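Reader: Thanks for sitting down with me over this one. Could you take me through the model, starting wherever you like?

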Amino acid sequence: MTDQSMRGFLSALEQAGALHRVTRNVDPKFELGAVLALKDRGPALLFENVVGSTMPVAGNLLVSRDRFALAFGVKREDLDAHCLKSLAQPVKPVMVKDAPVQAVVRDEGLEVGKLLPVPHWFEREAAPYITAGVIIAKDPDTGKRNVSIARLRLEGSNRLMAGIAKNHHLCVLAEKAKARGRKLEIAVAIGNHPAVLLGSQLYLGLGDDEYDNIGGLLGKPLRLVRCRTVDLEVPADAEIVLEGELDPDDLVPEGSVSEFHGFYVDYGPGLGVAIRCVTHREKPVYQAVLPGFFAEHCLLGGLAIGTTLCAALQKMIPAVRRALITDGGMGRLHAVITMHQPRLGEGKRAVMLAMGQVNLLKLVTVVEDDIDPENPR
Ligand SMILES: Cc1cc2nc3c(=O)[nH]c(=O)nc-3n(C[C@H](O)[C@H](O)[C@H](O)COP(=O)(O)O)c2cc1C
Ligand SMILES: [Mn+2]
């Protein structure tokens, strides 16, 4: 197990020979994304010289199940069980006072695009997107916390646009704020330990605090610190935090955006965000997840969906052993469920339950547990 920081994980990757440092100049406009795409499933990449910025960019960190196993200090074959344990045995976070992520505080003349080397990914996208920003918000009705990722597009100066799917908790919180005629305070943590990224992807109930399951993944409490300008708590060991508010009445047209299936989608307008304060570590490292049909984007979702799906199925059908969301199904659409000596009809029940549990699923295959679900052949 590495510590709770992304840089700790980068060191572990380097020791394992799984990190490559790119020293030549790389342009965050199209070039950086192109290199990540060409080297998809290769070593993690640390771009040390990004054109127009002094901040390095890390990418392709979590492109395989081995990388997650390394991050959690478990054997690859124990990864699924470890992830399931994070649901069964959540661990509450702890508050700390001195946080590396607040070493530097900036709250004047903020220009997010000047501060951070945000890549412009694809030519039909209008502007650069922050893709590994873990967004923290609280339910305006209950005060319960939510932790999830949504794309954030640079809109100039301190403004961003958030693209949030209608069924996601963060969208529900934004709608609750709108009903009260209020804005929604948010914090965006960038440069996170794999546990934070994976935990943000778990399919939980509204009101369930993803930080508890992140603690479950870490096997210890996640260290949190209070934000400077909003009533929220963020991972103390993150690289960068943006604090601000999301305005549910500020509709910003989006246009094309690349999705996990590798196509452009136009979802209509997103929501405007104003950033009021940026805090970061000394010498912060920016994290970017290449969005689209690429290993990291697919696996982050796929591993989390498989975990929640397996837990839900096992409650109903004890014969279920594993639920794997496949690469071919883009980490979203196809599941393989393995079962040990299922009773008559239980295979069909597993399919129906899986379809009901995960709205994205389109194809479910059920096999006996002497079949390796990770082997497509
Ligand atoms: C790299 C990456 C990018 C993502 N981008 C978005 C996005 O732009 N919009 C969105 O609604 N969800 C996005 N997601 C998926 C959500 O973070 C995920 O479904 C999460 O579980 C939603 O949590 P919530 O319901 O608690 O808000 C992304 C996931 C990953 C791994
Ligand atoms: Mn949630």
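Predicted model: local features only at pLDDT ≥ 70, side-chain atom pairs only at ≥ 80, totals over all residues.

Reader: Helix 6 interests me. Why do its buried residues line one face of the helix?

Author: The buried residues in helix 6 are His169, Leu170, Leu173, Ala174 and Ala177. Looking down the axis of helix 6, these buried residues line one face because they fall within an arc of 145 degrees.

Reader: What covers the buried residues of helix 6, and which residue just after the helix takes a positive phi?

Author: The cover includes strand 7 (134-138), strand 8, strand 11 (184-190), strand 14 (240-252) and strand 17 (270-280). Just after helix 6 there is a positive phi of about 65 degrees, and the residue that takes it is Gly181.

Reader: Now helix 3, please: which residue follows it, with a positive phi?

Author: Helix 3 (residues 65-72) has Arg67, Phe68, Leu70, Ala71 and Phe72 buried. Their cover includes helix 1 (6-15), helix 4 (79-88), helix 7 (194-199), helix 8 (210-218) and helix 9. After helix 3 comes a residue with phi near 70 degrees, Gly73.

Reader: Where is Phe30, and is it exposed, partly exposed or buried?

Author: Phe30 is not a glycine, yet its phi is positive, about 70 degrees. Its place is the loop between strand 1 (19-22) and helix 2 (31-38). Phe30 has 13 C-beta neighbours inside 10 Å, so it counts as partly exposed.

Reader: What about Lys283: buried or exposed?

Author: Lys283 sits in the loop between strand 17 and strand 18 (286-287). Its phi is also positive, near 45 degrees, in a residue other than glycine. With 12 other C-beta atoms within 10 Å, Lys283 is exposed.

Reader: Back to the domains: how many residues does domain 2 bring to the contact with domain 1?

Author: The protein is divided into domain 1 and domain 2, whose C-alpha centres lie 29 Å apart. Domain 1 gives eight residues to the contact, and by class that side has five nonpolar, three polar and no charged residues. From domain 2 the contact takes 14 residues.

Reader: Finally, the overall picture: what radius of gyration does the protein have?

Author: The secondary structure comes to ten helices and 21 strands, and the C-alpha trace spans about 65 × 50 × 40 Å along its principal axes. Of the 377 residues, 51% count as buried. For a compact globule of 377 residues the radius of gyration would be near 21 Å, and this agrees with the value for the protein, 20 Å.

Key. Residues numbered from 1 in each chain as written. Chains lettered and ligands numbered in written order. Buried ≥ 20, exposed ≤ 12 C-beta atoms within 10 Å, placed from the backbone. Helix = DSSP H or I, 4+ residues; strand = E, 2+ residues; numbered from the N terminus. Arc of directions from axis to C-beta. Contact = placed C-beta atoms within 7 Å. Domains from an automatic or database assignment. Nonpolar A, V, L, I, M, F, W, Y, C, P; charged D, E, K, R; others polar. Rg over C-alpha atoms; globule rule 2.2 N^0.38 Å.
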